[in-house]
Amino acid sequence: MSAFAPPQVLPSVMSADFLRLGEQVDALLAAGARAFHVDVMDAHFVPNLTLGLPVVESILKTTDIPIDCHLMIDDPDRWAPGYAEAGAYNVTVHVEAAHDPINLAKDLRAAGAKAGLAIKPGTNFDDYVEVLKHYDTLLVMSVEPGFGGQKFMAEVLDKARKARELVDTGHLKLLVEIDGGINAETIEQAAEAGVDCFVAGSAVYNAEDPAQAIEALRATATPAFTHARA
Ligand SMILES: [Zn+2]
């Protein structure tokens with residue numbers, strides 16, 4: 001999965017100014033972002049509403065950059081394959097919302113995308129190890145999904161450690177992503193726990209220089225990332 005070659009910082013466009021989305025995507029591309037994270041919320045699975053397939057299609061039309069779609073929506077079995085067909089690089093669904101996550105992973109891959117599975121902070125990781133054998137990415141939520149700017153929940157790092165161990169011992173073949181509250185302090189802990197890809201919203205978009213913020217986050221994560229694999 002070279003587009004997500006770890007350690008990777010994935011800027012979340014949830015924290016962008018939606019009226020200037022194109023401009024901001026271009027700016028982050030110029031700054032060296034290699035993939036984008038798009039948070040799709042439906043006001044049902046989570047109490048917030050962001051954007052949906054038409055906006056994702058518009059982003060995909062303007063750029064070749066890999067898009068990581070994080071679908072915080074009900075009934076992903078029905079809706080998620082459309083994002084894969086539109087050309088998203090990785091389509092992540094919530095295990096709490098999926099009716100048949102194994103078949104859904106097959107549908108996403110058949111439509112040409114990588115398949116990602118997200119788990120909320122309160123969801124038990126061990127229950128889904130078998131399901132994760134069908135997935136390319138695991139998204140560990142480090143805040144309750146729904147809003148940006150929340151505080152990082154360090155206790156979820158146990159899930160990242162377990163996943164890392166299962167990957168290192170060959171039981172799973174996936175990249176571990178983390179989403180929620182990632183900043184200069186928390187990214188180091190996450191990298192140390194074995195996370196490969198770090199979604200960063202406010203830490204990038206609220207920075208005076210978003211380009212420099214991405215670079216600084218990557219530079220902070222790299223030694224801990226390397227250490228976790230030593
Ligand atoms: Zn997300």
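F4 first. In this predicted model, F4 has 0% relative accessibility, so F4 counts as buried.

What does F4 pair with? A search of the whole structure turns up one aromatic pair. That pair is F4 and Y89: ring centres 5.0 Å apart, planes at 50 degrees, so tilted. F4 sits in the segment before β1 (8–11), while Y89 is in the loop between α3 (76–86) and β4 (90–94). The pair therefore ties together parts 85 residues apart in sequence.

Now the cores. The largest nonpolar core has 66 residues. Which members touch the most others? They are F36, L71, V91, Y135, I178 and F198. Helix α9, residues 210–228, gives the most to this core: five residues. There is also a second, separate core of seven residues, and F4 is in it; A3, A35 and L175 are among the other members.

Back to I178. Leaving aside neighbours within four places in sequence, I178 contacts residues including L139, V140, F152, A190, C197 and F198. S142 is also on that list.

Which residues hold the zinc ion? The protein donors are H37 through NE2, D39 through OD, H70 through ND1 and D179 through OD. They lie 1.9 to 2.2 Å from the zinc ion. The spacing in sequence reads H-x1-D-x30-H-x108-D. H37 lies in strand β2 (residues 36–41) and D179 in strand β7 (residues 175–179), so this pair ties together parts 142 residues apart in sequence. Both H37 and D179 are buried.

Why is the arrangement irregular? The four donor atoms subtend angles of 94 to 155 degrees around the zinc ion, and that makes it irregular. A tetrahedral call needs all angles between 85 and 135 degrees.

Conventions: Residues numbered from 1 in each chain as written. Predicted model: local features only at pLDDT ≥ 70, side-chain atom pairs only at ≥ 80, totals over all residues. Heavy atoms only, no water. Core = buried A, V, L, I, M, F, W, Y, C linked by side-chain atoms within 4.5 Å. Buried < 20%, exposed > 50% of the residue type's maximum accessible area, 1.4 Å probe, protein only. Helix = DSSP H or I, 4+ residues; strand = E, 2+ residues; numbered from the N terminus. Contact = heavy atoms within 4.5 Å. Donors = N, O, S within 2.8 Å, 3.2 Å for Na, K, Ca; no water. Tetrahedral: all angles 85-135°; square planar, octahedral: opposite > 155°, others 65-115°. Phe/Tyr/Trp six-rings, centres within 6.5 Å; stacked < 30°, edge-to-face > 60°.
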